[in-house]
Amino acid sequence: IYKSSQNGKYFERPLVNGKRTWRSLGGKNLKLAREEFYRRRTAVSAGKNPYAEAQSKDTQDEAKTVGDVVRRYQQDNYLDSDLLTRPEGTRTDEERHCTTLLKFWASVAVAEVSDRICDEYRDWRIRRVKQGEGLRAIDREFNTLNNAFRYAKRRDLVKVNPVADRPRYQPKSRVKHCREFMPADADDLHSIAEELFKNRHSQVLGFQMLAEAYCGLRGCEVLKWRANAWADDPGYVTPDGKSLRVWRCKNQHLNNPYVAVNAVMATLLEAHRKWKAKYYPESDCFFPGHKKDSNRPVSKSALAHALRRISKARLRKIKPHGNRAFYVTVRRSWGTLDSQIAVEIGHSSGGSTLENVYGGVPPNWLSDEAPKLNWLPAHGTPAWDVLKLD
């Protein structure tokens with residue numbers, strides 16, 4: 001009897017059809033493995049073939065079609081590679097992708113999965129795309145299919161994952177990074193925020209945009225802030241007024257649970273405090289939604305929708321994640337090393353990710369010739385002055 005060092009299961013090596021091969025003894029319990037081993041030895045001594053029965057059972061358990069694989073993945077609630085439950089947002093994406101995948105893959109046999117079939121799915125999917133090229137969406141759907149096959153392999157429904165080496169359809173040259181959609185400078189940033197402040201319903205989005213640009217957090221991270229926060233709540237400002245407690249997504253919230261509150265950030269927080277006391281005094285949300293009695297933050301997609309409207313007027317795309325790139329650019333202009341900026345925005349990569357996502361540092365900036373960008377506009381007043389809070 002042999003024990004696998006990879007999964008802890010027990011195996012034997014009998015002669016089957018004249019060849020020495022591996023056969024599972026049914027699991028990780030040594031007592032049960034021994035009983036099955038002796039049962040098979042007794043059957044062989046009696047002139048029977050216990051492996052034909054085992055092979056028949058294995059064949060019954062195997063997934064015949066890709067649809068069987070995807071439906072089992074759905075049935076078990078989209079477990080990840082550690083067999084743990086995925087976050088709610090990820091489960092929602094996986095469910096949407098599985099619904100699309102089943103329309104094409106439901107009756108495709110597992111043995112027939114190949115690059116050619118993947119290309120056929122790509123062509124089928126592109127004909128049904130309603131917005132954009134759809135290549136990024138196709139790659140994400142194949143990622144879900146890969147997750148489903150990987151899970152099925154863990155459950156012995158398939159022997160191999162046929163899409164582990166699948167084609168990728170989104171060329172790297174067409175990948176858009178957030179640095180392409182960031183404000184040009186502080187004047188540009190505040191002019192965009194001023195457009196948001198002019199409309200009563202989008203004023204909260206103006207504060208959200210400036211907060212993201214001033215601390216480098218993602219939109220979903222700043223929306224976790226609470227107005228009346230305790231010491232361990234996002235949005236809590238330390239007694240010395242120099243640090244603000246934050247939550248970070250992608251399991252990075254403990255890499256650095258604080259952001260610095262510099263003088264400009266402190267001014268923004270003070271303006272926000274006056275604005276909130278005037279319009280949303282009862283809300284516990286730092287960025288409250290339109291319904292005052294719901295006590296819920298503004299929608300995660302609200303800022304993106306508002307910036308689309310502004311983008312049309314300015315004839316260039318502006319996206320919320322560009323605020324994160326703006327923060328990185330300002331900090332680099334002060335001579336801050338990428339390794340330090342990575343800590344500030346919650347990366348655990350030590351700065352290696354910054355060059356790919358946010359672009360390289362201009363060579364002259366490394367020799368202390370950076371323009372020293374600022375958070376406040378060089379011409380005019382801060383955007384929140386249009387609110388006339390004093």
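Student: Which residue meets the side chain of E141 in a salt bridge?

Tutor: A salt bridge is a side-chain nitrogen of Lys or Arg within 4 Å of a carboxyl oxygen of Asp or Glu. In this predicted model, the N to O distance of the pair with E141 is 2.9 Å. The partner of E141 is R125.

Student: How many residues apart are E141 and R125?

Tutor: Helices are DSSP runs of H or I with at least four residues, and strands are runs of E with at least two, numbered from the N terminus. E141 lies in helix α6 (residues 135-154) and R125 in helix α5 (residues 115-126). The pair links distant parts of the chain, 16 residues apart.

Student: Which pLDDT is required before side-chain atom pairs count?

Tutor: Residues are numbered from 1 along each chain as its sequence is written, and side-chain values use heavy atoms, without hydrogens and water. As the model is predicted, local features need pLDDT of at least 70, totals for chains, interfaces and linings use all residues, and side-chain atom pairs need pLDDT 80 or more.

Student: Are E141 and R125 buried or exposed?

Tutor: Relative accessible area decides this: under 20% is buried, over 50% exposed, and in between partly exposed (1.4 Å probe, protein chains only). Both E141 and R125 are buried.

Student: What is the relative accessible area of R39?

Tutor: R39 forms a salt bridge with E36, with the closest N and O atoms 2.8 Å apart. Because E36 and R39 are 3 residues apart in helix α1 (residues 30-45), about one helical turn separates them. R39 is partly exposed, at 38%.

Student: How are α8 and α10 oriented to each other?

Tutor: Helix α8 (residues 203-215) and helix α10 (residues 263-279) pack with their axes, lines fitted to C-alpha atoms over the stretch in contact, 11 Å apart. The angle, on a scale from 0 to 180 degrees between N-to-C directions, is about 160°. Angles under 35 degrees count as roughly parallel, 65 to 115 as roughly perpendicular, over 145 as roughly antiparallel and the rest as oblique. The two helices α8 and α10 are therefore roughly antiparallel.
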